[in-house]
Amino acid sequence: MPSSLMDDLRFQPTWVLLLCSLGLFTLTRSFISLLRWVYSYFLRPPKQLIDYGSWAVVTGPTSGIGRAMAFELARKGLNLVLVSRNPDKLGEVSEAIWGVSPTTKIKIVVFDLSVDVKGGIFRLKGAIEGLDVGVLVNNAGVATPSAVFFHEVDVDAWVRMIKVNLESLTEIARVVLPGMLQRRRGAVVNIGSGSTVVMPSFPLYAVYAATKAYVAQLSKSLYHEYKDKGIDVQCQVPLFVATKMVSGLTEAKRRSVFVPSSSEYAQAAIRWIGHDALCMPNFIHFLQWWIASLVPEFIHDKLRLRVNLRQREIIKRLRTEARNAATHN
Ligand SMILES: NC(=O)c1ccc[n+]([C@@H]2O[C@H](COP(=O)([O-])OP(=O)(O)OC[C@H]3O[C@@H](n4cnc5c(N)ncnc54)[C@H](OP(=O)(O)O)[C@@H]3O)[C@@H](O)[C@H]2O)c1
């Protein structure tokens with residue numbers, strides 16, 4: 001430091017020195033965060049997923065993010081246990097994966113995560129017995145009923161959502177973990193949502209957002225429980241991805257600069273497995289998160305309510321149109 005600057009500082013009152021130190025500390029912290037982001041998103045080498053084990057379990061692989069993740073895992077050389085409710089769709093996705101990766105071994109487990117959780121868990125347990133399962137992608141999730149006031153939701157629909165997003169996800173992790181513990185290696189990826197990590201509130205999707213807050217908290221706690229046992233537990237939080245789940249919602253209907261396709265999401269997601277307890281793998285999502293963090297909470301709350309009320313109107317209109325079309329046919 002030039003001596004004149006040192007002299008200037010020496011003769012400043014204490015409060016000025018304190019403010020300068022605080023400013024320097026904040027700047028250094030921001031700079032370190034920036035370096036960390038650049039490293040994590042662009043420079044950090046991905047983990048070799050095959051080192052966790054030769055099989056991956058993926059729930060909800062018949063469309064959207066789960067399907068794209070299954071393809072990426074097969075490309076990385078992992079065999080797959082595909083878990084979903086529709087055997088025809090499971091067959092179709094298996095054929096499609098063999099089209100690009102003919103040597104991948106695939107087992108399918110038909111399991112409706114919203115109905116018979118006990119039975120489904122029993123079948124999954126049987127299917128993975130003796131397999132070297134290294135990766136679990138707990139992806140299946142539902143956001144329906146969509147854009148409804150809390151008092152309007154049919155209780156059965158809630159229960160189904162809670163069973164898929166929360167109960168089944170937890171039980172599936174519970175079934176896969178013991179094998180990983182025995183081998184002292186494994187990665188568990190639970191798919192959460194930006195609706196709880198980025199948004200301070202998510203009105204008209206209260207139960208969905210609450211289930212995803214559970215997923216984030218469960219994952220963060222398990223991360224610390226199992227880190228020193230060789231198992232990396234992680235919650236990934238996507239913002240909008242162009243999938244079937246959001247096809248009824250205006251702002252995320254199609255892929256755009258702000259809404260990645262499921263393949264784009266999955267390519268980024270795979271690179272993050274094993275790093276951090278909670279992460280937002282897609283860089284464009286991350287930029288949106290960062291911008292959102294600058295906006296005061298009360299503005300988020302107002303805007304989100306307004307956006308979701310608009311969605312409610314659109315969904316209502318689409319339903320009426322579909323009903324009318326059905327009566328005319
Ligand atoms: N897309 C987004 O913008 C977004 C944003 C944040 C978080 N997420 C989360 O990402 C995950 C994947 O969402 P996505 O957008 O890819 O949705 P998606 O395209 O609707 O796919 C959901 C998958 O879950 C399966 N599934 C749904 N209910 C099931 C049940 N009862 N039993 C068994 N399988 C069931 C579906 O099977 P079927 O093919 O039989 O329906 C499908 O394979 C979800 O956890 C979601 O909450 C998505």
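1. Helices (H or I, at least four residues) and strands (E, at least two) are DSSP runs, numbered from the N terminus. The expected span of a helix is 1.5 Å times one less than its number of residues. Helix α2, covering residues 14-43, illustrates both terms: its 30 residues reach 42 Å from the first C-alpha to the last, close to the 44 Å expected at 1.5 Å a residue.

2. The structure under discussion is a predicted model, in which local features need pLDDT of at least 70 and side-chain atom pairs count only at pLDDT 80 or more, while totals for chains, interfaces and linings use all residues. Residues are numbered from 1 along each chain as its sequence is written.

3. The chain contains 11 helices and 7 strands. Its C-alpha trace spans about 80 × 50 × 35 Å along the principal axes. A residue is termed buried if 20 or more other C-beta atoms lie within 10 Å of its own, exposed if 12 or fewer, and partly exposed in between, with C-beta atoms placed from the backbone. Of the 329 residues in the chain, 34% are buried. Two residues are in contact if their C-beta atoms, placed from the backbone, lie within 7 Å. Among contacts with a separation of 6 or more, 72% join residues 24 or more positions apart.

4. The two helices described at length here are α2 and α6. Helix α2 is hardly covered, and the count of buried residues among its 30 residues is 0. Helix α6 (residues 155-183) has 29 residues and reaches 41 Å from its first C-alpha to its last, close to the 42 Å expected at 1.5 Å a residue. Buried residues of α6 include Met161, Lys163, Leu169, Ile172 and Met180. The cover over the buried residues of α6 includes the helices α5 (117-128) and α8 (206-226), together with the strands β1 (55-59), β4 (133-138), β5 (186-191) and β6 (231-236).

5. Just after the helix, Arg184 takes a positive phi of about 55°.

6. A nonpolar core is a set of buried Ala, Val, Leu, Ile, Met, Phe, Trp, Tyr and Cys residues joined through C-beta atoms within 7 Å. The largest such core has 73 residues, and those with the most contacts inside it are Val58, Ala70, Leu73, Leu80 and Val135. Not counting residues up to four places away in sequence, Leu80 touches Ala56, Val58, Ala70, Leu73, Ala74, Thr104 and Ile106.

7. Which residues come nearest to the ligand? They are Gly60, Gly64, Gly141, Thr243 and Met245, out of 31 residues around it; a residue is near a molecule or strand if its C-beta atom, placed from the backbone, lies within 6 Å of it. Helix α3 (residues 64-75) gives the most to this shell, with 3 residues. By class, the shell has 14 nonpolar, 13 polar and 4 charged residues. Here Ala, Val, Leu, Ile, Met, Phe, Trp, Tyr, Cys and Pro count as nonpolar, Asp, Glu, Lys and Arg as charged, and the others, Gly among them, as polar.

8. The peptide bond from Thr144 to Pro145 is cis, with omega near 5°, and Pro145 is found in the loop between β4 and α6. Leu204, although not a glycine, has a positive phi of about 75°; it is in the loop between α7 and α8 and counts as buried because it has 22 C-beta neighbours inside 10 Å. Asp276, also not a glycine, has a positive phi of about 70°. Asp276 lies in the loop between α9 (262-272) and β7 (278-279), and it counts as partly exposed because it has 16 C-beta neighbours inside 10 Å.

9. Thr196 is found in helix α7 (residues 194-197). Is Thr196 buried or exposed? It counts as buried, because 23 C-beta neighbours lie inside 10 Å. Leaving aside neighbours within four places in sequence, Thr196 is in contact with Phe202, Ala209, Lys212, Ala213 and Ala216.

10. Arg310 counts as partly exposed because it has 14 C-beta neighbours inside 10 Å, whereas Phe298, with 9, counts as exposed.
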